[in-house]
Amino acid sequence: QVHLVESGGGSVQTGGSLRLSCVVSGDTYNTYCMAWFRQTTGKEREAVAVVYTRTSSATYYAEFVKGRFTISQNNAENTLYLQMNSLKPEDTAVYYCAAEFSSGGGCRHSMVQYSYWGQGTQVTVSA
């Protein structure tokens with residue numbers, strides 16, 4: 001069991017930056033697929049970026065964030081990050097942190113793979 005708590009959302013203007021954090025508590029000794037998803041009203045939740053915690057390597061970035069967002073982790077602080085640069089109004093959404101235990105990688109970017117979710121943090125980008 002893990003518990004995820006996101007923070008770092010807020011309101012910025014186009015071109016601005018934010019860094020989202022996701023603190024992981026509970027069973028932090030295993031390795032996980034961890035991901036950031038986002039959702040806007042009336043739309044399905046979509047994956048933004050995925051990382052496999054054993055290798056600390058990102059395994060997926062959505063096309064719409066490549067070159068602008070970076071997923072990373074700080075194992076000592078049990079924290080997952082999403083650095084978001086060059087933000088656009090279409091990045092406005094609730095951003096969620098997600099995790100699923102994995103001993104061998106195989107991280108996917110489908111929300112059905114993930115059992116653990118944070119409560120979400122709102123990001124609003126104004127034109």
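Student: What share of the contacts in the protein chain with a separation of 6 or more comes from residues 24 or more positions apart?

Tutor: A contact means heavy atoms within 4.5 Å. In the protein chain, residues 24 or more positions apart make up 58% of the contacts with a separation of 6 or more. Keep in mind that this is a predicted model, where local features need pLDDT of at least 70 and side-chain atom pairs count only at pLDDT 80 or more, while totals for chains, interfaces and linings use all residues. Residues are numbered from 1 along each chain as its sequence is written, and side-chain values use heavy atoms, with hydrogens and water left out.

Student: OK. How many helices and strands does the protein chain have?

Tutor: Both are DSSP runs numbered from the N terminus: helices are H or I with at least four residues, strands are E with at least two. Here you get zero helices and eleven strands.

Student: How do I read the radius of gyration of the protein chain?

Tutor: It's taken over C-alpha atoms, and you hold it against the globule rule, 2.2 Å times the number of residues to the power 0.38. The protein chain has 14 Å, close to the 14 Å the rule gives for 127 residues, so it is as compact as a globular protein of that length. Along the principal axes, its C-alpha atoms fill a box of roughly 40 × 25 × 25 Å.

Student: And what percentage of the residues count as buried?

Tutor: Buried means under 20% relative accessible area, exposed means over 50%, and partly exposed is in between (1.4 Å probe, protein chains only). Of the 127 residues, 43% are buried.

Student: Which residues touch the most other members of the largest nonpolar core?

Tutor: In soluble globular proteins, nonpolar side chains tend to be buried together. A nonpolar core is a set of buried Ala, Val, Leu, Ile, Met, Phe, Trp, Tyr and Cys residues joined through side-chain atoms within 4.5 Å. The largest one has 27 residues, and Met34, Trp36, Leu82, Met84 and Tyr95 touch the most other members. Strands that each supply at least two of its residues include strand 4 (32-39), strand 8 (79-84) and strand 9 (93-101). There's also a second, separate core of nine residues, among them Cys33, Tyr52, Ala98 and Tyr114.

Student: What about phi: where does Ser56 lie?

Tutor: Most residues other than glycine have a negative phi. Ser56 has a positive phi of about 60 degrees, and lies in the loop between strand 5 and strand 6 (57-61). Ser86 also has a positive value, near 50 degrees, and lies in the loop between strand 8 and strand 9. Ser56 is partly exposed at 41% relative accessibility, and Ser86 is partly exposed with a relative accessible area of 41%.
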